[in-house]
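Here's my note for you, point by point. Keep the model open beside it while you read.

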Amino acid sequence: MKTVRQVAILDIIAKQDIETQEDLAEALRRHGIRVTQATVSRDIKELRLLKVLTPAGTYKYATADKAENGLSERFVRMLAESVLSVSSANNLVVVKTLSGSANVAAEALDSMHWPEVLGTLAGDNTILLIIRSNEEVPLVTSRIHEMMK
């Protein structure tokens, strides 16, 4: 649950300006994750989140380290920890994740903006990636396998 929660935190702060721990806890609750302020505080510390100044003159939480495609290295690591297996058939890739992790993992994969991926669908523990062509499937699966290392 901790990994799912921390991936959700990284996703939330990437999409929203979150000013306080209370705001973050509320955003997590809207995502269906029940959390206390103390847990949010520990997660912020573990994720090494910083408060940065926004153009509007307010502060928001942000990650300190950025990886390729603007994703946090921790975000990629947590995605890798939630993926259990990757398989394919024709132009479809099926990614199995830990229970409850598929939505966050699918959002992470979507945020990569891989041109070969037409779209993703996520359930509780399974993601379906629709790839543009059968020939591009090995490229996508190899990228996912690299992230799992």
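**Notes on the model**

1. Let's start inside. The lining of the largest cavity splits into six nonpolar residues, three polar and no charged. (Ala, Val, Leu, Ile, Met, Phe, Trp, Tyr, Cys and Pro count as nonpolar, Asp, Glu, Lys and Arg as charged, and the others, Gly among them, as polar.) Before we go on: this is a predicted model, where local features need pLDDT of at least 70 and side-chain atom pairs count only at pLDDT 80 or more, while totals for chains, interfaces and linings use all residues. Residues are numbered from 1 along each chain as its sequence is written, and side-chain values use heavy atoms, with hydrogens and water left out.

2. How much space lies in the largest cavity? About 40 Å³, and the structure holds one cavity of 30 Å³ or more. The lining is made by T3, V4, V7, M78, L79, S82, S101, V104 and A105. Elements giving two or more residues to that lining are α1, α4 (73-82) and α5. (On a 1 Å grid over the protein atoms alone, a cavity is a set of points where a 1.4 Å probe fits but cannot get out, and a pocket is an open set with protein on both sides within 12 Å along at least five of seven lines; lining residues have an atom within 4 Å of a point. Grid points are joined across faces, edges and corners, and a volume is the space filled by probe spheres set on the points. Helices (H or I, at least four residues) and strands (E, at least two) are DSSP runs, numbered from the N terminus.)

3. Now the second largest pocket, with a volume of about 250 Å³. It has 16 lining residues, and V4, H31, G100, N103 and V104 are the closest to its centre. Two or more lining residues come from each of α1 (2-15) and α5 (102-111), and α5 gives the most, with four. By type, the lining holds six nonpolar, seven polar and three charged residues.

4. On to the sheet. Four strands make an open sheet, ordered β3-β4-β6-β5, with antiparallel pairing. The edges belong to β3 (83-89) and β5 (117-122), each with a single partner strand, so one side of each has no neighbour in the sheet. From one strand to the next, the twist averages 20 degrees (axes are lines fitted to C-alpha atoms, for helices over the stretch in contact, and angles run from 0 to 180 degrees between N-to-C directions). Strands pair here if DSSP finds at least two bridges between them; β4 (residues 92-97) and β6 (residues 126-131) are joined by five. Find V95 and you'll see I127 of β6 opposite.

5. There's a hairpin too: β1 and β2, with five residues between them. In its turn, G57 has a positive phi of about 90 degrees. Which residues face each other? L50 has A62 of β2 as its bridge partner, while L53 stands opposite Y59.

6. Last, the rings. The charged end of K51 sits over the ring of Y61, 4.9 Å from its centre, and R143 lies over the face of W114, at 5.0 Å from the ring centre. (A charge sits over a ring if NZ of Lys or CZ of Arg is within 6 Å of the ring centre and within 35 degrees of the ring normal.)
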